[in-house]
Amino acid sequence: MLTPTADLYDRYGDVLGSCDTQLRQFGAARAFAGPAVTVRCFEDNALLKSIVAEPGEGRVLVVDGGGSVHTALMGDLIAGAAAANGWTGVVINGAVRDVTALAALPIGIKALGANPRKSAKAGAGERDVPVSFGNCVFTPGAEVHSDDDGVVVLPAGARE
């Protein structure tokens, strides 16, 4: 059973980062948690696609797409690969597509919104770097928790 984000905030207070960005639920798993893997990419999902092809091992992919909803960084094929490879969730500061298909996938997906437009495939971006959005910093290995109340992050080593 996952600990609700509100209970985590009550327990850790300001040690816990609470993301102010109002992300929408897209995957079938409404609550998820795991260590963060981070990627920064803007309107280009090739790097994101290569990461979810790796074993997820219960981790959460945090994607800083610069807040752009001009193109979708994830659709049903990439999300399906993430679910099949053991990723527990994806948090995207950007857009997704194939919303109906995403809702049926056994993975947590949170994003700003949806747009049917495909993204570029040049491979631009950075992996395993701190990313920041919603007044929250996500570092590789930090513990990310998400549910209907929002997304929180506990820095690595902060757990009692």
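These legends go with close-up views of a predicted model.

Numbering starts from 1 along each chain as its sequence is written. Because the model is predicted, local features need pLDDT of at least 70 and side-chain atom pairs count only at pLDDT 80 or more, while totals for chains, interfaces and linings use all residues; side-chain values use heavy atoms, leaving out hydrogens and water.

**View A. Phe133 and Phe138 make a stacked pair.** A search of the whole structure turns up one aromatic pair (ring centres of Phe, Tyr or the six-membered ring of Trp within 6.5 Å; stacked means planes under 30 degrees apart, edge-to-face over 60, tilted the rest). Phe133 and Phe138 are both buried (under 20% relative accessible area; exposed is over 50%, partly exposed in between, with a 1.4 Å probe and protein chains only).

**View B. Asp148 meets Arg30 in a salt bridge.** The N to O distance is 2.8 Å (the cut-off is a Lys or Arg side-chain nitrogen within 4 Å of an Asp or Glu carboxyl oxygen). Asp148 sits in the loop between strands E11 and E12 and Arg30 in the loop between E2 and E3, so the pair ties together parts 118 residues apart in sequence (strands are DSSP runs of at least two residues, helices, H or I, of at least four, numbered from the N terminus).

View C. Arg127 and Glu54 come within 2.7 Å, N to O. Asp128, in the loop between E8 and E9, has a positive phi near 55°.
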